[in-house]
Amino acid sequence: YWQRMRVRRWRRKAAVNALGAAATGIVTAIVVWTKFAEGAWLVTVAIPVLVLAMLGTRRHYSRVARRLRAGASAVASAPDATNRTLLVVETIDLGDAMVLERALDGRTIAPDGLSAIHVPLLRTDPGIRPRWFHVAGGEPLLHVLDSAAGPVEAVLEQVWRLPRGESDFVTVVVPELFRRRSLLEQARRPFELSLKLRLLSESGVVVVDVPTVATDPMHELPELAVRVFVSGVNAASMRAVNWAGTLGVPDARAVSFAFDGQEAAELRREWAASGPRIPLDVDAAPYRDLGEPVLAYLRGLTEEEGREVLAVLPELVLRGWARLLHNQRALYLKRLLLFEPNVVLASVPYQLLR
């Protein structure tokens with residue numbers, strides 16, 4: 001360290017550190033030699049294993065960061081994208097009616113066409129097709145799928161029929177009606193949970209989760225604002241920005257939360273240099289805590305009556321053990337915002353499969 005920094009009187013400081021390191025090394029060698037059979041062997045094994053594990057983790061993060069930075073330009077420069085939307089209808093409830101109203105308005109989730117699909121389950125309403133026809137006013141028609149291979153597989157088959165790529169998105173809208181604001185309510189909807197998890201591994205697919213609490217009052221069709229949560233200029237963030245651009249919503253911005261002023265300035269400089277398609281807001285997140293800053297930012301937008309926010313979350317998808325090292329922030333935000341009034345969640349996965 002001192003050889004690299006070479007500050008004033010660095011040799012004297014290096015000598016002091018070297019003396020301390022030598023004393024520590026001698027003590028360590030004596031303890032290991034005299035107490036080896038009494039438990040010191042565990043330290044001699046555990047410490048090298050931990051050091052190697054941490055070095056491997058750091059090497060993995062560095063490699064992923066390089067790949068994301070390298071792919072940012074390619075994703076950002078992709079041509080204007082198309083967006084085909086599938087609305088999963090399980091019941092004619094409050095959540096479906098609200099989503100249908102947005103989709104038919106043409107401003108938000110279905111700019112390039114909407115298809116409504118239904119997978120028969122154990123308690124499926126046998127008269128759902130005529131009821132849907134009445135609610136939708138004739139369009140779009142409700143397509144009832146064959147669930148012989150399983151309900152999730154039936155939806156996936158419809159997704160596989162549609163073109164997907166850097167400039168072709170498939171958006172799957174999953175309405176969910178909850179009785180109360182509790183994460184345990186998600187367990188009552190195993191089909192929706194399994195579908196959302198499975199769709200994250202499909203390239204070119206965006207999952208829009210529209211949670212509605214039964215006790216929340218209904219409002220007229222709200223004005224929509226789109227906010228893309230980004231951590232920097234990388235391929236995952238730029239892909240989410242590209243998808244947000246397909247919606248054609250005038251009030252669309254990226255938002256990031258910096259832990260200090262230096263990080264905020266660097267992020268603004270990098271964003272301006274990359275030439276993204278939407279402006280960036282940078283808010284402060286002291287103490288590296290995102291919860292309160294995110295809620296304060298969103299509530300500042302939704303406190304205006306008749307306004308709703310579509311929160312777009314980029315998600316990095318990897319295979320194997322590497323899954324444990326990524327997406328913790330996205331999972332935290334999903335849990336935080338699941339029951340937040342007037343907030344709709346959209347997950348935009350970026351596949352980084354080795």
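The structure is a predicted model, in which local features need pLDDT of at least 70, side-chain atom pairs count only at pLDDT 80 or more, and totals for chains, interfaces and linings use all residues. Residues are numbered from 1 along each chain as its sequence is written, and side-chain values use heavy atoms, with hydrogens and water left out. The protein chain holds 11 helices and 10 strands; helices (H or I, at least four residues) and strands (E, at least two) are DSSP runs numbered from the N terminus.

**Overall make-up**

- The C-alpha trace of the protein chain spans about 85 × 50 × 40 Å along its principal axes.
- Of its 354 residues, 45% count as buried. Buried means under 20% relative accessible area, exposed means over 50%, and partly exposed lies in between (1.4 Å probe, protein chains only).
- Among contacts in the protein chain with a separation of 6 or more, 81% come from residues 24 or more positions apart; a contact means heavy atoms within 4.5 Å.
- The accessible surface of the protein chain is about 19200 Å², and carbon and sulfur atoms make up 58% of this area. Accessible areas come from the Shrake-Rupley method with a 1.4 Å probe, and for residues only the protein chains shown count as cover.
- The protein chain carries 44 positive and 38 negative side chains, with the centres of the two sets 15 Å apart. Lys and Arg count as positive and Asp and Glu as negative, while His and the chain ends are not counted. Each charge is placed at NZ of Lys, CZ of Arg, CG of Asp or CD of Glu.

**Salt bridges**

- The whole structure contains 14 salt bridges, each being a side-chain nitrogen of Lys or Arg within 4 Å of a carboxyl oxygen of Asp or Glu.
- One of them pairs arginine 84 with aspartate 168, at 4.0 Å from N to O. Arginine 84 lies in strand β1 (residues 82-88) and aspartate 168 in strand β4 (residues 168-178), so this bridge ties together parts 84 residues apart in sequence. Arginine 84 is partly exposed at 29% relative accessible area, and aspartate 168 is partly exposed at 25%.
- Glutamate 192 bridges to arginine 189, with the closest N and O atoms 3.1 Å apart. Glutamate 192 is buried at 6% relative accessible area, and arginine 189 is buried at 13%.
- Glutamate 202 and arginine 198 meet at 3.0 Å, N to O. Salt bridges with shared partners join Arg164, Arg198 and Glu202 into one network. Glutamate 202 is buried at 10% relative accessible area, whereas arginine 198 is partly exposed at 29%.

**Asparagine 234**

- Asparagine 234 sits in the loop between β6 (223-229) and α8 (235-246), and is buried, with a relative accessible area of 13%.
- A polar atom of the asparagine 234 side chain lies 2.8 Å from the backbone nitrogen of serine 237. The backbone nitrogen of alanine 236 lies 3.2 Å from a polar atom of that side chain.
- Apart from neighbours within four places in sequence, asparagine 234 is in contact with Leu68 and Ala72.

**Alanine 46**

- Alanine 46 is in helix α3 (residues 40-76) and counts as partly exposed, at 30% relative accessibility.
- The C-alpha atoms of alanine 46 and arginine 253 are separated by 47 Å, the two residues being 207 residues apart along the chain.

Notes:
A polar contact is a pair of N or O atoms within 3.5 Å; within protein, one must be able to donate a hydrogen and the other to accept it, and residues adjacent in sequence count only if both atoms are side-chain atoms.
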